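Subject: Structure handover

Hi,

Here is the structure for you to look at. My notes on its cavities and one surface patch follow.

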Amino acid sequence: MSLPSDFLWGFATAAYQVEGATQQDGRGPTIWDTFCSIPGKIADGTDGSVACDSYNRTSEDIALLKRLGSTCYRFSLSWARIIPLGGRNDPVNQAGIDHYVKFVDDLLEAGIVPFITLLHWDVPDELDKRYGGLLNREEFPLDFEHYARVVFKSIPKCKNWITFNEPWCSSILGYSTGFFAPGHTSNRAKSAIGDSSREPWIVGHNLLVAHGRAVKVYRDEFKPADKGQIGITLNGDYTYPWDPEDPRDVEAANRKIEFAISWFADPIYFGKYPDSMRKQLGDRLPEFTPEELALVQGSNDFYGMNHYTADYVKHGDGNPAPEDFLGDLSTHPYSKSGECIGPETQSFWLRPNPEGFRGLLNWLSKRYGYPAIYVTENGTSILGENDLKEPEILNDEFRYQYFHDYVNAMAKAVGEDGCNVRGYMAWSLMDNFEWAEGYETRFGVTYVNYADGQQRKEKYSARKMKEIFDAVIEKK
Ligand code: PNW
């Protein structure tokens with residue numbers, strides 16, 4: 001028993017991945033609606049227009065959460081439902097607000113603590129068209145601040161807020177590899193906005209400042225009465241040096257974690273970008289103005305941690321390569337064979353390695369002074385799962401084992417190493433729209449039958465989750 005009796009556990013989802021109903025009740029278009037309409041961007045040519053239809057099935061989803069024993073639920077709001085065009089002078093859509101207010105009321109009534117993510121990648125499309133969306137250093141943070149204020153004012157009963165989900169993914173996958181919306185790639189010579197080898201670093205910077213603005217609004221205007229907490233969710237793999245005897249590999253492994261986590265966490269906890277990033281990127285990495293820094297530094301009440309996997313890296317030649325993120329990092333990533341890092345899954349970037357979870361919890365606890373941590377995502381896909389039919393597809397022992405091993409690694413990080421983890425949300429409550437992978441890759445503990453009216457059926461892992469946590473949470 002090593003997790004405290006008030007430890008929260010549950011599941012996570014995101015608006016565009018589960019809600020569907022993209023044309024309903026006045027929702028505006030988002031960059032993901034637009035991106036999905038470009039041929040070739042989504043593996044199976046699908047989009048989130050129906051997804052799990054969760055927008056119309058809130059009571060079913062809450063009943064499911066309750067049946068599984070969850071004590072919390074993380075979901076994101078669709079900005080474009082609340083302010084369809086997104087901007088601070090654009091109209092607010094009361095129907096969108098009413099939907100989420102009722103959802104939070106219903107969760108609380110079911111005894112489930114809500115964790116709300118303000119933006120999980122689905123930026124209102126109009127902001128992208130109007131001024132370049134996340135690339136705009138002046139406009140974007142102000143529009144996000146306004147949206148955040150509208151939300152805080154409307155949903156005072158929610159006490160746990162996450163500004164952004166994985167700014168690394170928005171920046172690198174959205175503006176370097178082009179794998180995610182809006183699909184910019186940094187090896188284009190020039191973008192409409194400027195030198196695109198700078199775009200990911202500008203986007204990361206603007207997300208940090210926008211986060212800082214929303215946190216300031218919450219702390220100044222809402223927190224004193226509402227008594228909630230607010231933070232940002234960062235993704236990061238644990239990284240092992242390819243050759244632990246080679247100091248250049250050791251440094252490269254650390255640099256890779258810094259380029260994922262410390263890119264955002266160092267400014268928040270220390271008020272500066274990591275030296276390794278400045279060294280690699282030079283003036284392509286923006287400088288904070290004093291005003292921006294005042295907003296960003298100290299802006300986390302808790303650390304939101306998304307974590308899935310670990311990898312090995314070899315050092316590169318040390319030279320930055322602006323046309324390529326991994327070149328910039330000066331590392332060569334490798335997955336060693338299955339026995340070393342973990343078995344293959346349906347996601348090319350994901351191999352289970354529970355020791356790495358404990359390793360990363362310790363890495364960031366040491367670096368950032370043992371902050372309160374909520375694990376806001378952790379989970380796995382399964383190689384070939386989508387080829388199965390009922391009832392075999394419900395038998396996800398591989399996923400059960402993943403959760404069992406990861407939760408126990410986390411319990412050791414808390415009980416034996418002193419990490420301050422307060423809650424855990426598994427990704428995901430149900431199969432859903434897995435971004436560029438469409439519906440072919442499943443992450444749910446609940447099976448969703450897209451061919452049969454979005455019917456939900458619990459998999460084995462769903463039914464075992466409570467048992468996993470009961471074994472490690474102290475009794476009251
Ligand atoms: C997270 N990578 O994304 C997201 O927050 C979820 O919305 C998503 O469904 C989940 O993980 C599973 O993919 C990631 O390529 C997507 O390293 C890709 C990567 C990491 C995280």
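Helices (H or I, at least four residues) and strands (E, at least two) are DSSP runs, numbered from the N terminus. Keep in mind that this is a predicted model.

Cavities first. The count comes to five cavities of 30 Å³ or more.

The largest cavity holds about 120 Å³ of space. Its lining has 15 residues. Val-18, Glu-19, Ser-54, Phe-75 and Phe-103 lie nearest its centre. Four elements each supply at least two residues of that lining: α1 (15-18), α3 (58-68), β2 (72-76) and α5 (94-109). By class, the lining of the largest cavity splits into eight nonpolar, five polar and two charged residues.

The second largest cavity has about 70 Å³ of space. Residues lining this second cavity include Ile-31, Trp-32, Trp-121, Cys-169, Ser-170 and Phe-180. Two or more lining residues come from each of α2 (31-36) and α8. The largest share is from α8, with three residues. What classes make up the lining of the second largest cavity? There are eight nonpolar residues, two polar and no charged ones.

Now the surface. Phe-179, Phe-348 and Trp-349 form a nonpolar patch there. Together they have about 330 Å² of accessible area. Phe-179 sits in the loop between α8 (167-175) and α9 (199-226).

Best wishes

Technical notes: Residues are numbered from 1 along each chain as its sequence is written. This is a predicted model: local features need pLDDT of at least 70, side-chain atom pairs count only at pLDDT 80 or more; totals for chains, interfaces and linings use all residues. Side-chain values use heavy atoms; hydrogens and water are left out. Patches are made of residues with over 30% relative accessible area and no salt bridge: like charges are joined within 9 Å, nonpolar side chains (Val, Leu, Ile, Met, Phe, Trp, Tyr) within 5 Å. Accessible areas come from the Shrake-Rupley method with a 1.4 Å probe; for residues, only the protein chains shown count as cover. A salt bridge is a side-chain nitrogen of Lys or Arg within 4 Å of a carboxyl oxygen of Asp or Glu. On a 1 Å grid over the protein atoms alone, a cavity is a set of points where a 1.4 Å probe fits but cannot get out, and a pocket is an open set with protein on both sides within 12 Å along at least five of seven lines; lining residues have an atom within 4 Å of a point. Grid points are joined across faces, edges and corners, and a volume is the space filled by probe spheres set on the points. Ala, Val, Leu, Ile, Met, Phe, Trp, Tyr, Cys and Pro count as nonpolar, Asp, Glu, Lys and Arg as charged, and the others, Gly among them, as polar.
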